[in-house]
Amino acid sequence: MTIIFTKCDKRKKKKNGGKHPEENVQDFQDLISEYFEAVPPWIMTSSVTNQGRDEILLHMAQLRNYWLKH
């Protein structure tokens with residue numbers, strides 16, 4: 001399982017705390033850490049800035065190669 005965080009070029013609105021995407025990711029990891037021994041891998045993405053695009057493609061290729069061997 002890999003977690004993909006989308007819209008990482010945006011900030012939450014002021015009424016929701018106005019957090020940066022990195023802070024939201026950390027909050028989510030803190031929340032799910034009680035359910036997992038280790039937090040699953042994650043990738044931050046943005047279609048506006050192409051952030052995370054290469055990481056997702058590389059990750060998918062690595063998963064494909066893994067499953068082809070097993």
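1. Aromatic cluster. In this predicted model, ring pairs join F5, F28 and W42 into a cluster, and the count of aromatic pairs comes to three. For F5 and F28 the ring centres are 5.6 Å apart and the planes stand at 80 degrees, so this pair is edge-to-face, given that planes over 60 degrees apart are classed in that way. Because F5 belongs to strand β1 and F28 to helix α1, the pair ties together parts that are 23 residues apart in sequence. The two partners may also be described by their accessibility: F5, at 14% relative accessibility, counts as buried, whereas F28, with a relative accessible area of 32%, is partly exposed.

2. The pair Y66 and W67. A further aromatic pair is formed by Y66 and W67, with 5.0 Å from centre to centre and 85 degrees between the planes, and it too is described as edge-to-face. Y66 has a relative accessibility of 41% and counts as partly exposed, while W67, with a relative accessible area of 57%, is exposed, since the exposed class begins over 50%.

3. Nonpolar core. Which residues make up the largest nonpolar core? The core has six residues, namely I3, F5, C8, V25, I32 and M44, and the elements that give two or more residues to this core are β1 (3–5) and α1.

4. Not counting residues up to four places away in sequence, T45 touches I4, F5, T6, K7, C8, Q51, G52 and I56. One of these contacts, K7, is 38 residues from T45 in sequence, yet their C-alpha atoms are 6.2 Å apart in space.

5. Backbone angles worth checking. K7, which is found in the loop between β1 and α1, has a positive phi of about 55 degrees although it is not a glycine, and at 55% relative accessibility K7 counts as exposed. N50 likewise has a positive phi in a residue other than glycine, here near 65 degrees; its place is in the loop between β2 (42–44) and α2, and with a relative accessible area of 49% N50 is partly exposed.

6. Largest pocket. About 160 Å³ of space lies in the largest pocket, and of the 10 residues that line this pocket, the closest to its centre are T6, K7, C8, P21 and N24. Which element gives the most to the lining of the largest pocket? Helix α1 (residues 21–32) does, with three residues. By residue class, the lining divides into four nonpolar, two polar and four charged residues.

7. Q29 in helix α1. Q29 is found in helix α1 and, at 12% relative accessibility, counts as buried. When residues up to four places away in sequence are not counted, Q29 touches V39 and W42.

8. L63 in helix α2. The place of L63 is in helix α2 (residues 53–69), and with a relative accessible area of 38% L63 is partly exposed. The C-alpha atoms of L63 and T49 are separated by 25 Å, the two residues being 14 residues apart along the chain. For T45 and K7, by contrast, 38 residues apart in sequence, the C-alpha to C-alpha distance is 6.2 Å.

Note on methods: Residues numbered from 1 in each chain as written. Predicted model: local features only at pLDDT ≥ 70, side-chain atom pairs only at ≥ 80, totals over all residues. Heavy atoms only, no water. Helix = DSSP H or I, 4+ residues; strand = E, 2+ residues; numbered from the N terminus. Buried < 20%, exposed > 50% of the residue type's maximum accessible area, 1.4 Å probe, protein only. 1 Å grid on protein atoms, 1.4 Å probe; cavity = no way out; pocket = protein on both sides within 12 Å on 5 of 7 lines; lining within 4 Å. Points joined across faces, edges and corners; volume = space filled by probe spheres on them. Nonpolar A, V, L, I, M, F, W, Y, C, P; charged D, E, K, R; others polar. Contact = heavy atoms within 4.5 Å. Core = buried A, V, L, I, M, F, W, Y, C linked by side-chain atoms within 4.5 Å. Phe/Tyr/Trp six-rings, centres within 6.5 Å; stacked < 30°, edge-to-face > 60°.
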